[in-house]
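I opened this model to look up a few things about its core, its rings and some single residues.

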Amino acid sequence: MGGILCEAGASGSLTEPLQVPRDIDLSPGQPLQSSQPSSGLGVIGRRSVSDLGAIGDNLTGSAVNSGAMHNQLYNLQMLEAAYHKLPQPKDSERARSYIPRHPAATPPSYPQVQLPMASNPAFWERLSMHSYGTDTLFFAFYYQQNTYQQYLAAKELKKQSWRYHRKYNTWFQRHEEPKVTTDEYEQGTYVYFDFHVGKDDKQGWCQRIKTEFTFEYNYLEDELIV
C-alpha cells in the first residue's frame with residue numbers, strides 16, 4: 001500500500017479529500033465527453049498494449065545501446081528508494097478495526113460497522129465493471145484514505161489503465177498515443193480525473209481532457225502491482 005497511499009493521504013481525512021493547489025501546468029482542461037474514447041491506447045509509460053515492459057523502461061533506439069548503463073543507474077535508484085521504505089515494526093502489527101473519525105448518532109437500524117464485503121477484493125473487481133464503477137473507485141480513493149479500501153480502489157483503477165501522478169495527486173489516462181516519448185517523459189493528450197469539489201466553475205468531480213501535457217516518469221507511481 002506504500003507510496004500511493006502516503007502521497008494521497010498525507011494531509012487528508014475520511015470526510016475531506018486531499019486538497020491540492022492547482023498548478024499552472026495542470027490548469028483545468030475541457031470536460032471529457034462520453035463519445036470520446038480513451039481506452040485501447042496502452043498505459044502511461046508504455047508505447048502500446050502489446051509492450052509488456054516495465055513502466056519507465058527505455059523506449060528509444062539510443063536507449064537500447066546504453067541499456068547496461070541505464071540498468072545500473074536504475075538499480076541504484078531502486079536501492080535508494082528501497083532504503084527509504086525499510087519495513088518498520090508497525091508493519092507487522094495486525095490491522096486495527098475501523099474507527100470513524102467523525103461519529104454521528106444514528107438510529108439502530110443504520111449499519112453500525114463496516115460491511116465485510118467492503119474488504120473483499122472480488123467486490124471491487126465487480127464494482128469496476130459497472131457504469132458507475134470508475135466514479136466510485138475515485139470516491140473511495142480520495143475519501144477513504146489510508147485504508148485497505150483505498151488500496152483496492154487504486155488497484156482497480158490501474159487495471160483500467162489509469163496511472164497516478166504523485167506531484168498532482170491525480171489519476172491520468174492516455175486519450176491518444178503520445179506525440180513524444182523519451183526515457184524521461186511522454187507528451188500528448190490525456191484524460192485526468194478532476195477530484196476538486198467546489199462552487200468554482202473550474203472545479204468539478206469529473207473527467208477532463210488535457211492537451212500538450214508532459215507526463216514525467218519520475219512522478220509516475222509504479223509501486224502498486226496489478
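My notes on the chain follow, starting with its overall make-up.

**Ground rules.** I am working with a predicted model, in which local features need pLDDT of at least 70 and side-chain atom pairs count only at pLDDT 80 or more, while totals for chains, interfaces and linings use all residues. Residues are numbered from 1 along each chain as its sequence is written, and side-chain values use heavy atoms, with hydrogens and water left out.

**Overview.** I counted six helices and six strands in the chain; these are DSSP runs numbered from the N terminus, with helices being H or I of at least four residues and strands E of at least two. From the N terminus on, I read the order as α-β-α-α-α-α-α-β-β-β-β-β. Of the 226 residues, 36% are buried. Buried means under 20% relative accessible area, exposed over 50%, and partly exposed in between, with a 1.4 Å probe and protein chains only. I noted an accessible surface of about 14100 Å², with 54% of it belonging to carbon and sulfur atoms; the method is Shrake-Rupley with a 1.4 Å probe, and for residues only the protein chains shown count as cover. I also looked at contacts (heavy atoms within 4.5 Å). Among those between residues at least 6 apart in sequence, 65% join residues at least 24 apart.

**W124.** I checked W124 on its own: it is buried, at 5% relative accessible area. Leaving out residues up to four places away in sequence, W124 touches A118, L137, A140, Q149, L152, A153 and E156.

**Rings.** How many aromatic pairs does the structure hold? I get 19. Rings of Phe, Tyr and Trp (its six-membered ring) pair if their centres lie within 6.5 Å; planes under 30 degrees apart are stacked, over 60 edge-to-face, and the rest tilted. The ring centres of F123 and W124 are 5.6 Å apart and their planes are at 85 degrees, so I logged the pair as edge-to-face. F139 and Y143 are stacked, at 4.7 Å centre to centre and 15 degrees between the planes. These two are four residues apart in helix α5 and are therefore separated by about one helical turn. F139 is partly exposed at 43% relative accessibility, whereas Y143 is buried at 15%. Both belong to one aromatic cluster, whose members include F138, F141, Y142, W162 and W205.

**Helix α6.** Is α6 mostly enclosed or open? Nine of its twelve residues are buried, so I put it down as largely enclosed by the rest of the structure. Among the buried residues of α6 are Q149, E156 and K158. The helix reaches 17 Å from first C-alpha to last, close to the 16 Å expected at 1.5 Å a residue; the expected span is 1.5 Å times one less than the number of residues. Just after α6, S161 takes a positive phi of about 75 degrees.

**S128.** This residue lies in the loop between α4 and α5 and is buried at 18% relative accessible area. Not counting residues up to four places away in sequence, S128 touches G133, L137, E156 and Q160. The side chains of S128 and E156 make a polar contact of 3.4 Å. By polar contact I mean a pair of N or O atoms within 3.5 Å; within protein, one must be able to donate a hydrogen and the other to accept it, and residues adjacent in sequence count only if both atoms are side-chain atoms.

**R174.** I found R174 in strand β3 (residues 170-174), buried at 1% relative accessibility. Its side chain reaches the backbone oxygen of V43 at 3.1 Å. A polar contact of 3.1 Å also joins the side chains of R174 and E186.
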